[in-house]
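Subject: Structure handover

Hello,

Here is the structure for you to look through. My notes on it follow below.

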Amino acid sequence: MSGKIHVTLAFSCCKPDKVSNQDLSPIILHHGCMNYKERWTPIQQDLANATGRNVYAVDARNHGSSERSENFNYDILSDDLRHFMDTHNIDKACLVGHSMGGLVVMTLALKSPDRVEKLVVEDVSPKDPGPKLYDVYGAMIEEQLKCFEESTDLDTEGSMQQKLRECLFRTVPMIPDKDQEVINDIKFPIKKAGKGYESLTNLKSVLNAVRNPPICHFPTDCVFEKETMFIYGLSSDFSVIQDKDLILKYFPKATFSGIEDAGHDICPRKPKRFVEEISKIF
């Protein structure tokens, strides 16, 4: 599998309850690291109904039900997304990405602006995560790997979910209260395997990438000159608005929407508000 340039991405698709306008480009949703397409389930149908567009949610390589590969970085993930569009005869799409997914959709928009109609980025800026976040990600993944390795037939779905939540709280410093509430309700992508459980994320491949940075390369001479929205949590440690000048360098038509009472994960905490806000550009 590692020799393949592209991998096949698993996906789900919601169509508007009313007949969709086939002239409208579809929306493609891309999740963050160690998440999966079900992250978008609470808003996928509502977004289709609100915009009159078909709405796809994809699993990135090494995540969810998509194919596995030893090769992993955000540039490769953007190529996978473009390949997904080619495979499904999607000439142009509106892209929405959270965290890692935001970096992926920004990369594709900058590399192939002709394939992207509009862009929404949830709580991340167009820059490499940097040493501090790489260290946090690495520690978190190592903790999760240990958790899965030590799982037994005495574990239940509920006990494994709680252990994985505790991994996050142990390894991620200063989690905002708003994100703690989201984490307490989060469902990690896992499945029963043998006498224990395993992750639906290829954690070893992701860990290898994190331990050998950078995994994100933004082209220095590209600009995406179409409608773009950066939606971010006002309680998030990612502090997107502080990168406004950098964002406008790459995305000169960007607008900014700060959401009160939200941290890094806006969509699961404020699903209705999220749909209302991003529908404004669709």
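Contact here means heavy atoms within 4.5 Å. By that criterion, and leaving aside residues up to four places away in sequence, leucine 119 touches Leu95, Val105, Met106, Ala109, Phe224, Glu227, Thr228, Met229, Phe251 and Ile281.

On provenance: this is a predicted model, in which local features need pLDDT of at least 70 and side-chain atom pairs count only at pLDDT 80 or more, while totals for chains, interfaces and linings use all residues. Residues are numbered from 1 along each chain as its sequence is written, and side-chain values use heavy atoms, without hydrogens and water.

Cores. A nonpolar core is a set of buried Ala, Val, Leu, Ile, Met, Phe, Trp, Tyr and Cys residues joined through side-chain atoms within 4.5 Å; buried means under 20% relative accessible area (1.4 Å probe, protein chains only). The largest such core has 60 residues, and Leu119 is among those with the most contacts inside it, as are Ile28, Tyr74, Leu95, Met106 and Phe251. Helix α3 (residues 100–111) supplies the largest share of this core, eight residues. A second, separate core has 23 residues, including Leu29, Cys94, Val96 and Ile266.

Sheet. Helices (H or I, at least four residues) and strands (E, at least two) are DSSP runs, numbered from the N terminus, and two strands pair if DSSP finds at least two bridges between them. Seven strands make an open sheet of mixed pairing, ordered β1-β3-β2-β4-β5-β8-β9. Its edge strands are β1 (11–14) and β9 (254–259), each pairing on one side only. Strand β8 (residues 228–233) runs parallel to β9, joined by six bridges; tyrosine 232 has glycine 258 in β9 as its bridge partner.

Regards

Methods:
Buried means under 20% relative accessible area, exposed over 50%, partly exposed in between (1.4 Å probe, protein chains only).
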